[in-house]
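Let's take a friendly look inside a protein chain. Have the structure open beside you and follow along residue by residue.

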Amino acid sequence: MPFHWGGQATANALTNPALDPVSRMPEFKACAVAVSAVDNPDTRGDCMHTTSRFLQGVYTFEGQGLGKPVPIDPALTYTVPPGVTSQALYFRGGNSTDEMITIVLMRDGQPMRYFPIGARDGTHVPLRVVEDLISRTQIELHVAAPEGCAGTVVVDLGLLEV
């Protein structure tokens, strides 16, 4: 059940009002709730429908310089459909080279997030800062690697359409 969105479809409405004494964050994941089935789900006109989307695969690349991120592959491009809001939920990646590379999540041609991946290493980043991608927003995965550095990258970006 999503807890990042507002309105009647959010789990936050079910949580207690307690806050962590240090961070002042709500206890979204640490409170008891009672759950019961809805008699007729079709009568709930306000329920949230979501669709998962993934930009993923194994791709070869050749670096053009750390300051020159380049598209990895056209398959790693996603445009939010009209009338839909999307959110990036996580990124996983792996790097076959002996150099550190960075995967750059681009939004409408501008860098949005950077994911450094060490030499012959991998990374998994849950994107806890929720950021809505509105209709017609285009995102794309690019790679920034030392000039001439060539190898294989494994990428998996999980998205959710609402």
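In this predicted model, the side chains of His142 and Glu140 are joined by a polar contact of 3.1 Å. His142 belongs to strand β8. Is His142 buried or exposed? With a relative accessible area of 8%, His142 falls under the 20% cut-off, so it counts as buried. Beyond its neighbours within four places in sequence, His142 is in contact with Pro69, Val70, Pro71, Ile72, Thr102, Ile103, Val104 and Met106.

| Side chain | Partner | Distance |
|---|---|---|
| His142 | Glu140 side chain | 3.1 Å |
| Ser86 | Tyr78 side chain | 3.4 Å |

Now for the nonpolar side of the story. The largest nonpolar core has 27 residues, and Ile72, Ile103, Leu141, Val155 and Leu157 touch the most other members. Strands β1, β4, β5, β6, β8 and β9 each give two or more residues to this core. Which residues does Ile72 touch, not counting those up to four places away in sequence? They are Tyr59, Ile103, Leu141, His142, Val143, Val153 and Val155. As background, nonpolar side chains tend to be buried together in soluble globular proteins.

Conventions: Residues are numbered from 1 along each chain as its sequence is written. This is a predicted model: local features need pLDDT of at least 70, side-chain atom pairs count only at pLDDT 80 or more; totals for chains, interfaces and linings use all residues. Side-chain values use heavy atoms; hydrogens and water are left out. A nonpolar core is a set of buried Ala, Val, Leu, Ile, Met, Phe, Trp, Tyr and Cys residues joined through side-chain atoms within 4.5 Å. Buried means under 20% relative accessible area, exposed over 50%, partly exposed in between (1.4 Å probe, protein chains only). Helices (H or I, at least four residues) and strands (E, at least two) are DSSP runs, numbered from the N terminus. Contact means heavy atoms within 4.5 Å. A polar contact is a pair of N or O atoms within 3.5 Å; within protein, one must be able to donate a hydrogen and the other to accept it, and residues adjacent in sequence count only if both atoms are side-chain atoms.
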